[in-house]
Amino acid sequence: MSKFAYFSVLLGCLVGTAWLEIFLRTKVYRRTIRLILTILPVLVVFSIWDAYAIAQKHWTFDSRFVTGITTVANIPLDEILFFIVIPICAILSFEAVRSARNWEAGDEDSK
Amino acid sequence: MTYTQLTLLGVLIVVTLDMYVFRTKILKRKVFWVSYSIVIFFQLVTNGILTGFGIVEYNGDAIIGSSTAQDSPPAFIGDGRLVFAPIEDLLFGFCLVVLTLVLWVWLGRIGVQREPRSGPPRKSVERFLGAK
């Protein structure tokens, strides 16, 4: 265990889902603008939640296991990365199931 | 507000966003529930690491269960926890995943990079996926 424990879990999430982009052709990373526009509001909303939870001491981070870099409102960098990595993993899973099963998701044509 | 209350409020908000605001209605689709089941499994694994090793610790005043102890891992199951993590984390994850997918589908619907669509899977994995 080290300062990169939390960071390593996130890295594991990215590495563990990367094969979906290659083998199921999810084309999520290729739709970069859509991906960024999805993540940005999520990042803002959940950072606010995180800032509140940290201020209210709902949760704390063991300083031995996080990078030690702190961003706005005492939010550890690791948490900011979490709110970027997990949405990517969720979208990859969603598009992977779509790729494998051809199920509709509601964005097939403009309404 | 406690973490418990916030997660319940969060669930209410994301369900409203999906059903009535963005009207993406992913919560009524098979593709959502199947992919979310996969996500939950991996959430339990990764969150189990974060909470079991005490990388993230919780305050008993904010959750159903008790505070993370300083010297021992939390309950694996029980005391308001599932795989070391407070059960509130499941709702937190639900909010995070639903908000993400609502925005993703909505952006596609209004024409932001609807193409290229996902799939088809590579031939090498297709036979492991079974019938379409």
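Me: In which hand does helix 1 of chain B pass helix 3 of chain B?

Reply: The crossing is left-handed. That term applies if the near helix is turned anticlockwise from the far one by less than a right angle; clockwise is right-handed. Helices here are DSSP runs of H or I with at least four residues, strands are runs of E with at least two, and both are numbered from the N terminus. One caution: this is a predicted model, where local features need pLDDT of at least 70, side-chain atom pairs count only at pLDDT 80 or more, and totals for chains, interfaces and linings use all residues. Residues are numbered from 1 along each chain as its sequence is written, and chains are lettered from A and ligands numbered from 1 in the order in which they are written.

Me: At what angle do helix 1 and helix 3 of chain B pack, and how far apart are their axes?

Reply: Helix 1 (residues 3-21) and helix 3 (residues 88-109) of chain B pack at about 25°, axes 9 Å apart. That makes helix 1 of chain B roughly parallel to helix 3 of chain B, a label for angles under 35 degrees.

Me: Which residues meet there?

Reply: From helix 1 of chain B, they include B:Leu8, B:Val11 and B:Val14; from helix 3 of chain B, B:Phe92, B:Cys95 and B:Val98 are among them. Contact needs C-beta atoms, placed from the backbone, within 7 Å. The residues of this contact divide into 12 nonpolar, three polar and two charged.

Me: Switching to the interface. How many residues of chain A are in contact with chain B?

Reply: 49 residues of chain A, against 48 of chain B. Helix 3 of chain A gives the most to chain A's side, with 12 residues.

Me: Which strands pair across the two chains?

Reply: Strand 1 of chain A pairs with strand 1 (residues 56-58) of chain B, antiparallel, over three bridges. Pairing takes at least two DSSP bridges. A:Phe61 stands opposite B:Val56.

Me: And what sheet does chain B have, in what strand order?

Reply: An open sheet of three strands, order 2-3-4, with antiparallel pairing. Strand 2 (77-78) and strand 4 (85-86) of chain B are the edges, each pairing on one side only. B:Arg81 has B:Pro86 in strand 4 of chain B as its bridge partner.

Me: What radius of gyration does chain B have, against a compact globule of 132 residues?

Reply: Chain B has 18 Å; the globule would be near 14 Å. That is over C-alpha atoms, with the globule rule at 2.2 Å times the number of residues to the power 0.38. The C-alpha box of chain B is roughly 50 × 40 × 20 Å along the principal axes.

How values were computed
Axes fitted to C-alpha atoms, helices over the stretch in contact; angles between N-to-C directions. Parallel < 35°, antiparallel > 145°, perpendicular 65-115°, else oblique. Contact = placed C-beta atoms within 7 Å. Nonpolar A, V, L, I, M, F, W, Y, C, P; charged D, E, K, R; others polar.
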